[in-house]
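Hi,

Here's the structure I said I'd pass on.

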Amino acid sequence: MVTRAPFLKTRYGGYYHREVPEEDAELTHVRPGTPCGEYMRRFWQPVCFSDELRDLPLRVKILGEELVVFRDQSGTVGLLELHCPHRGTSLEFGLIDAKGIRCCYHGWLFAADGTILETPGEPAISTLKDRLYHGAYPTHEHQGVVFAYMGAPRPAAAIPGLRQLQPAGISPDPGPEVLLSMQLAADHGKHDGPGPHGVSPYDRQRCGVHE
């Protein structure tokens, strides 16, 4: 594996930075089932800004997953798998309803928690909506940002709560910097002391400097 020094000690030293280190998949891959991906799913992750949720659903890609986020007419925010389980239509083109989001193809209606509320086109005796669910993740709004918990399903009381850490103080003006100036992590237990809490899964030292 190529070791690439972060700094050089000579002018015009690009020669020493020709080789690119191999990707560390253990740290950079966040798809489902990867070590880093499963670790990151133990924390609340930012999904979008609250003011992005208006009359249309919003397609997002979080931790390698294609999802759709929306706010129904009752004000509830939902984060669902992108494709309708019925015929695979993208819910990006769905219709916002009073209690959820309705697929634009056959009109199936999904609540924010994945409950299937209506299944138009199915026989009157169909029990699909009573037995099945669509993939969904819990959401939480905080200071104008929508967060999602994408870890393994657990009772609502067992999902880690949001804990606000020390602001970085990048800018006094509200805006996109909120994601940089405010960190929110899962509170996995008691924390003593006033300092920020939460650590990286790995602690690696920088490489040396080329002579």
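This is a predicted model: local features need pLDDT of at least 70, side-chain atom pairs count only at pLDDT 80 or more; totals for chains, interfaces and linings use all residues.

β3 (residues 65-71) and β4 (residues 77-81) run antiparallel, and five bridges join them. They belong to an open sheet of four strands, with antiparallel pairing and the order β2-β3-β4-β9. At the edges you'll find β2 (58-62) and β9 (136-137), each of which pairs on one side only.

Next, follow the chain to the loop between β4 and β5 (95-96), where His 86 is found. Is His 86 buried or exposed? Its relative accessible area is 16%, and buried means under 20%, so His 86 counts as buried. Leaving out residues up to four places away in sequence, His 86 touches His 106, Trp 108 and Glu 122. With His 106 there is also a polar contact between the side chains, at 3.4 Å.

Then the rings. The whole structure has three aromatic pairs. One of them is Tyr 15 with Tyr 16, an edge-to-face pair with 5.6 Å centre to centre and 90° between the planes. Tyr 15 is exposed at 54% relative accessibility, while Tyr 16 is partly exposed at 41%.

Tyr 39 and Phe 43 make a tilted pair, because their planes are at 55°; the ring centres are 5.2 Å apart. Tyr 39 is buried at 19%, and Phe 43 is buried at 14%.

Cheers

Note on methods: Residues are numbered from 1 along each chain as its sequence is written. Side-chain values use heavy atoms; hydrogens and water are left out. Two strands pair if DSSP finds at least two bridges between them. Helices (H or I, at least four residues) and strands (E, at least two) are DSSP runs, numbered from the N terminus. Buried means under 20% relative accessible area, exposed over 50%, partly exposed in between (1.4 Å probe, protein chains only). A polar contact is a pair of N or O atoms within 3.5 Å; within protein, one must be able to donate a hydrogen and the other to accept it, and residues adjacent in sequence count only if both atoms are side-chain atoms. Contact means heavy atoms within 4.5 Å. Rings of Phe, Tyr and Trp (its six-membered ring) pair if their centres lie within 6.5 Å; planes under 30 degrees apart count as stacked, over 60 as edge-to-face and the rest as tilted.
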